[in-house]
Amino acid sequence: MSTYERYRLNYNQAFNNAGEALIVAEVKDDSLLKAKAYEELGVLTYLYKQNEESGDYFLKAHKLYKSLYKNGELNISDLYQSHYNLVMHYQRIEHQSYLKAHIDTCYSLSKQFKANAVYNLYLQEKKASLEEWNKNYNKAIKLLESIAFQLENIESNVQLRVDDRRFLLIVYGRISNIYLKLNKLNLAEIYFEKFVKVNGVIGETTFYRSFLYSRYAEVLSKLGKYNKAYEYEQQSNSIGNAYLNPRNDRNKGFLTVKNPYKEQLVKKNEQINIKNLELAKNQEEILRFRILFFTILLILVIVVFLVRSRIRSLKFQKKQEISNELLSIKNKELTSNTLQLIEKEEVIKQLSSYIKESNPDKRSLSLLKSIERSSTSLWDAFNTRFKEQNIGFYARLQKKVPNLSSSDLKLCALIKLNFSGKEMAYLLGISLGSVHVARHRLRKKMNLNREVNLTNFINSI
């Protein structure tokens, strides 16, 4: 209905219908209906050169159209029209980069849905604006004259022909104005005459026709054709009084672009805001309660976690203490047994030496060989029990000091159990001096300072 009234030049009613359409669309919360209503309001405000508002409406519609197209709820031709609306807007406000971007998008989309060839002429007219803004007037005129020639010779159905003739009127006006700007008055007059002869096309070209009548009157005045100039200036004023004069009854209340739907939307938004405030207060109270509840819950969880961790830690410490005590007892037993074995070994060696010297008969020698075969290496016996009792000691030691030899590991085991130098020498089968040298080399490998006790360091592992 809004579009219908717009074609009939009943703009006041068109605005009312578009506003009502938007209200209905908002209530239904239908994206497509909202997009159509925004688009219609964009066209209406565009016609009245309300550039800021028309741009806002077109952009709102475009955002909805893009979303609908992405979800497969919109034809590509509708998306093309949305881009073309923005082309018109950016041409009006002379935004070159945005205009070029949307022209390129329109070209791309038109190829996808195989648009009528005349659509490209519409886009070429917009490209002519880019040339004109950059003062490439000859290029702009050449492009526009080519468009005019093609439109004059186009073959199309009746509906398209009406649209094409309306567009042809705009192209003639564009050419005329550029020639006027270049002060080529005769050429400007030729195209203004062509424009005047395009009859029966009003609709959305109403205001542009008024503008062109005024510019044509200017050209005629400069050429000295005052009577004719006066005639067209009168026609321009007639359109202006009919559609732009605020004292005209048909224009009251809408030329200020005070669209009726805005007042209803404001009231509706005020009611919504009041409800939102009440809802926000309720949500705030709920949120406070939730925060308090979860804070208390979190504190309880942390307390429980800390208590459990403390209990586990105490249990682990107790277990470690018991384990260390048992290990200490076992190591002391190992040390004691090993020392007893050393003493026995000494006695056996002395007896063997005595037998060899005092009674070296076959029976004695046979007995000595039997004793040697049955005796196990003292170190092997010690090391086996040490590893059973001190599980992982050698691995931890090598991880901390990687470059230790097997002899170094033996020495570390004996140091851990507090063996004396003499006892170490006996077990390792080396001299006491060699033991002292071995300890000194061990400290160097471990990079220990003088104040660090070797025994304490090894026991800490």
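Trainee: Is Lys49 buried or exposed?

Mentor: Before the case itself, please note that this is a predicted model, in which local features need pLDDT of at least 70 and side-chain atom pairs count only at pLDDT 80 or more, while totals for chains, interfaces and linings use all residues. Residues are numbered from 1 along each chain as its sequence is written, and side-chain values use heavy atoms, with hydrogens and water left out. The general idea is that buried means under 20% relative accessible area, exposed means over 50%, and partly exposed lies in between (1.4 Å probe, protein chains only). Lys49 has a relative accessible area of 59%, so Lys49 is exposed.

Trainee: Where does Lys49 lie, and what is its phi?

Mentor: Lys49 lies in the loop between helix H3 (31-47) and helix H4 (51-70), where helices are DSSP runs of H or I with at least four residues, numbered from the N terminus. Its phi is near 55 degrees, which is a positive value in a residue other than glycine. Asn183, in the loop between helix H9 (158-181) and helix H10 (185-197), also has a positive phi, near 65 degrees, and Asn183 is exposed with a relative accessible area of 52%.

Trainee: At what angle do H6 and H7 pack?

Mentor: Axes are lines fitted to C-alpha atoms over the stretch in contact, and angles run from 0 to 180 degrees between N-to-C directions. Helix H6 (residues 96-112) and helix H7 (residues 118-133) pack at about 160 degrees, with their axes 10 Å apart. That makes H6 roughly antiparallel to H7, since angles over 145 degrees count as roughly antiparallel, under 35 as roughly parallel, 65 to 115 as roughly perpendicular and the rest as oblique.

Trainee: Which residues of H6 and H7 meet?

Mentor: Contact means heavy atoms within 4.5 Å. Among those in H6 are Leu99, Ile103 and Tyr107, and the H7 side includes Leu123, Leu130 and Trp133. By class, this contact of H6 with H7 has seven nonpolar, four polar and three charged residues, where Ala, Val, Leu, Ile, Met, Phe, Trp, Tyr, Cys and Pro count as nonpolar, Asp, Glu, Lys and Arg as charged, and the others, Gly among them, as polar.

Trainee: How do H3 and H5 pack?

Mentor: H3 and helix H5 (residues 76-92) pack at about 30 degrees, with axes 12 Å apart, and they are therefore roughly parallel to each other. The residues of their contact divide into two nonpolar, three polar and four charged.

Conventions: Helices (H or I, at least four residues) and strands (E, at least two) are DSSP runs, numbered from the N terminus.
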